[in-house]
Amino acid sequence: MFWIICAVLTGAVGFAIIAPLLRNRGTGEPAAAFDLRVYRDQLQEVDRDLERGVIAPEDAARLRTEIGRKVLDADRRLSQDTTGKAGGRGLLAMGVLALLFAGAVTLYVREGQPGRDDLPIAQRIANARQIYESRPSQAEAEARAPAPVTPEVPEDFAALIQQLREAVARNPDDPQGLALLATNEIRLGNLAAAREAQQRLVELRGDDASADELVRLSALMIEAASGLITPEAEEVLARALTREPTHPQARYLLGMLQLQNDRPDRAFPIWRSLLEEGPEDAPWIAPIRTAISDLAWLAGQPDYVPPVPMPGPDAEAMAAAEDMTPEERQQMIAGMVSQLESRLASQGGTPEEWARLISSLVVIGNADHAREIWTEAQARFATQPEALDIVRQAATEAGLGE
């Protein structure tokens, strides 16, 4: 079917280009010859109109002069544009089209893999599993990684770092020294050394290692492996999620792991939750927001609409609010709630934003209007039970009930 569609489209475009040239070649008459006959007929028509008294002699003279100029121009073009040249252009155009068509077919046969079988979902999952299981070890990945760019540092700072390294070597069980060494090795671009220091710290902590320390180690292992999440880095990440299942950076790295192993269907719900939870200034939000639409399509969720960033008061507004009276502060909050309501009415929004609007309206003492918004939200999310549950929870907590 694909080849049939391509052949039909190519033939239609080629015919549209060649047809005018073939018509000229078939008649053997250039356009200038046809124009010349028309102008001569016009001259004869002027003479007949003059004999019948339809036009005045001066008008007839003016028309003869004007048509005469057109006759001379057509005669000049006819001498430059012969039938043989027109036919030559037609053959040249057909030759160029044939070369383009042959080149396109050759390129597709070479690069497009026309004989490749369809790839059902079961086979795709099997391929993803193979990619997952064939990952290199941490040591192999670090050996393949390009050498890091080492920034220039002042001599006094380099001397201090060397002293820190020597102090940690003398006392390798000092957790504070290991944490400080890992931080400064990162600044120097020594990712492998930073990873070793952080790994030693985690081993020293044992079962008491925090989720943050484990996530930091996993991130360093990933950076040292040039962005690849190796089995060892995944194991550390799993330990962090066992300590704290809601840890946002750990969940972000887990979503990246699924993407690296060609499982967008697993990555999408993880990153979607992170995006909708926020906060907007979290370092993982920007890359998620950039990729979430394409990721949703790959995951079979083409209708997903990312939440619109919630604008909040800037630093100046927060500073000014500290000097406001309670009445002025209440007016400022009411204005922000009004902006949120206007945006949801004109652009729509996520269920979390609708829930926030309902809660905010109750807080500022406008429960009746909050109840109207809750009624509108029930109609808007009637076909989305999960979204409706989020708004219902906010309405219940605000004392609106059903």
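Buried here means under 20% relative accessible area and exposed means over 50%, with partly exposed in between (1.4 Å probe, protein chains only). The model is a predicted one, so local features need pLDDT of at least 70 and side-chain atom pairs count only at pLDDT 80 or more, while totals for chains, interfaces and linings use all residues. Residues are numbered from 1 along each chain as its sequence is written, and side-chain values use heavy atoms, with hydrogens and water left out.

Now for the chain as a whole. Helices (H or I, at least four residues) and strands (E, at least two) are DSSP runs, numbered from the N terminus. The protein chain has 19 helices and zero strands. Of its 402 residues, 29% are buried. Its accessible surface, from the Shrake-Rupley method with a 1.4 Å probe and with only the protein chains shown counting as cover for residues, comes to about 25000 Å², and carbon and sulfur atoms account for 56% of that. Contact means heavy atoms within 4.5 Å. Taking contacts between residues at least 6 apart in sequence, 58% join residues at least 24 apart.

Spanning residues 211-224, α10 has 14 residues and reaches 20 Å from its first C-alpha to its last, close to the 20 Å expected at 1.5 Å a residue; the expected span is 1.5 Å times one less than the number of residues. Eleven of the 14 residues of α10 are buried, so this helix is largely enclosed by the rest of the structure. Among those buried residues are Glu 213, Leu 214, Ser 218, Met 221 and Ile 222. Their cover includes α6, α8 (175-187), α9 (191-205), α11 (231-243) and α12. Just after α10 comes Ser 226, with a positive phi of about 60°, in the loop between α10 and α11. Asp 262 also has a positive phi of about 60° although it is not a glycine. Asp 262 sits in the loop between α12 and α13 and, at 45% relative accessibility, counts as partly exposed.

Next come the cores. A nonpolar core is a set of buried Ala, Val, Leu, Ile, Met, Phe, Trp, Tyr and Cys residues joined through side-chain atoms within 4.5 Å. The largest has 33 residues, and those with the most contacts inside it are Tyr 252, Leu 253, Phe 268, Trp 271, Trp 284, Ile 288 and Ile 292. Helices α10, α11, α12, α13 and α14 each supply at least two residues of this core. Apart from it lies another core, of 17 residues, among them Val 337, Leu 344, Trp 354 and Ala 370. Not counting residues up to four places away in sequence, Trp 271 touches residues including Arg 251, Tyr 252, Met 256, Ile 288 and Leu 295.

Some of these names turn up again in the aromatic pairs. Rings of Phe, Tyr and Trp (its six-membered ring) pair if their centres lie within 6.5 Å; planes under 30 degrees apart count as stacked, over 60 as edge-to-face and the rest as tilted. By this rule there are three aromatic pairs. The Tyr 252 and Trp 271 pair is stacked because the ring centres are 5.1 Å apart and the planes are at 10°. This pair links distant parts of the chain, with Tyr 252 in helix α12 (residues 248-260) and Trp 271 in helix α13 (residues 264-277), 19 residues apart. Both Tyr 252 and Trp 271 are buried. Phe 268 and Tyr 304 form an edge-to-face pair, 5.2 Å centre to centre with 80° between the planes. Here Phe 268 is in helix α13 and Tyr 304 is in the loop between α14 (285-298) and α15 (315-322), 36 residues apart. Phe 268 and Tyr 304 are buried too.

Finally, two arginines. Arg 135 is placed in the loop between α5 (121-133) and α6 (138-144), and its relative accessible area of 13% makes it buried. A polar contact is a pair of N or O atoms within 3.5 Å; within protein, one must be able to donate a hydrogen and the other to accept it, and residues adjacent in sequence count only if both atoms are side-chain atoms. The Arg 135 side chain reaches the backbone oxygen of Tyr 132 at 2.8 Å, and one of its polar atoms lies 3.0 Å from the backbone oxygen of Ile 229. Arg 289, found in helix α14, counts as partly exposed at 25% relative accessibility.
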